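Morning, everyone. I have one model to show you today. Please take a look at the screen.

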Amino acid sequence: MQQPSAPSPAQPAAPSFDERLTAPRSWWVIVGLFGLSGALIMFPLGPVATLAGLIVVAALAAAAVSSYGSARVRVVAGSLVAGDARIPVSALGAPEVLDAEEARAWRTHKADPRAFMVMRSYVPQAVRVEVTDPADPTPYVYLSSRNPEGLVAALEKARAEATA
C-alpha cells in the first residue's frame, strides 16, 4: 500500500474549504423574464428579430448573474482566498460566525469602510475575521457564507497548522 505524499510544487494543495457564492434560483427566473422582454421589444420587427432579442438579452443577463455569483471563498495552502484577496492566516485573528441578524448589522451600521467584504445579500450568514497585520489598514474581513461553521473550522485548522 502506497503512503500519500505531500503535494509537490506542481500539484497545489487541495482547499480545506471551498465555497462559491452562486446566485439564487429566483435570479435565473428573472434572467428568463429579461430574455422574454427582449423578445417582446423586438416582436414588431419580425420572428428573426424576436428570436435574436430573446437570445441576446437572455445571454447578457445570464452573463451578469453568473459573474456576480462567481465569487469564491477558499482556505487553501495557509491562506484565505476571498474574491481577489489572498490573505495568509498568520495575518488574521480569530474568526467569528455571524447569524443573519448580526451579519446584517455588520453590513450596515457596524460596517467599517476600510473593511474588505465579499458580501452577497442573498446569503444571510457570514464570517467576520479581524486582520491582525499592523501594516494592513484593513480592520477585518467580512465574508458571506452558506456554511460559516465550516469556514471557521477551516480557518482555525489552517492557523493551527501555520503555528505548528
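Start with Ala77. Ala77 is exposed, at a relative accessible area of 58%. Here is the scale: under 20% relative accessible area is buried, over 50% is exposed, and partly exposed is in between, with a 1.4 Å probe and protein chains only.

Before I go on, some ground rules. This is a predicted model, so local features need pLDDT of at least 70, side-chain atom pairs count only at pLDDT 80 or more, and totals for chains, interfaces and linings use all residues. Residues are numbered from 1 along each chain as its sequence is written, and side-chain values use heavy atoms, with hydrogens and water left out.

Back to Ala77. Where does Ala77 lie? In the loop between S2 and strand S3, residues 79-82. Strands are DSSP runs of E with at least two residues, helices are runs of H or I with at least four, and both are numbered from the N terminus. The phi of Ala77 is near 50°, a positive value in a residue other than glycine. Most residues other than glycine have a negative phi. The hairpin of S2 and S3 has 2 residues between the strands, and Ala77 takes its positive phi there.

Now the strands on either side. S2 and S3 run antiparallel, joined by 4 bridges. Two strands pair if DSSP finds at least two bridges between them. Look for Arg74: it stands opposite Val81 in S3.

S2 also pairs with S1. That pairing is antiparallel too, over 4 bridges. Phe17 stands opposite Val75 in S2. Which residues of S1 are on the covered face, and which on the uncovered one? Phe17 and Glu19 are on the covered face, while Asp18 and Arg20 are on the uncovered one.

Keep Asp18 in view. Asp18 forms a salt bridge with Arg72, and their closest N and O atoms are 2.4 Å apart. The pair links distant parts of the chain: Asp18 is in strand S1, residues 17-20, and Arg72 is in strand S2, residues 72-76, 54 residues apart. A salt bridge here is a side-chain nitrogen of Lys or Arg within 4 Å of a carboxyl oxygen of Asp or Glu. Asp18 is partly exposed, at 40%. Arg72 is partly exposed as well, at 35%.

How many salt bridges does the rule give? The count comes to 4. Let me show you another: Arg128 with Glu96, the closest N and O atoms 3.0 Å apart. This pair also links distant parts of the chain, with Arg128 in strand S7, residues 126-131, and Glu96 in strand S5, residues 92-98, 32 residues apart. Is Arg128 buried or exposed? Buried, with a relative accessible area of 11%. Glu96 is partly exposed, at 31%.

One more: Glu102 forms a salt bridge with Lys110, the closest N and O atoms being 2.7 Å apart. Glu102 is partly exposed at 26%. Lys110 is partly exposed at 36%.

Next, the helices. Helix H4 covers residues 148-163. At 1.5 Å a residue, its 16 residues should span 22 Å, and the end C-alpha atoms are 23 Å apart, which agrees. That expected span is 1.5 Å times one less than the number of residues. Pro148, Leu151, Val152, Ala154, Leu155 and Ala158 are buried in H4. They cover an arc of only 165° around the axis, so they sit on the same side of H4. The arc is taken from the directions from the helix axis to the C-beta atoms.

Glu161 lies in helix H4 too. Glu161 counts as exposed, at 52% relative accessibility. The C-alpha atoms of Glu161 and Ala77 are separated by 9.9 Å, and the two are 84 residues apart along the chain.

Last stop: helix H1, residues 25-42, where Val29 is found. Val29 counts as exposed, at 53% relative accessibility.

That is my tour. Questions, please.
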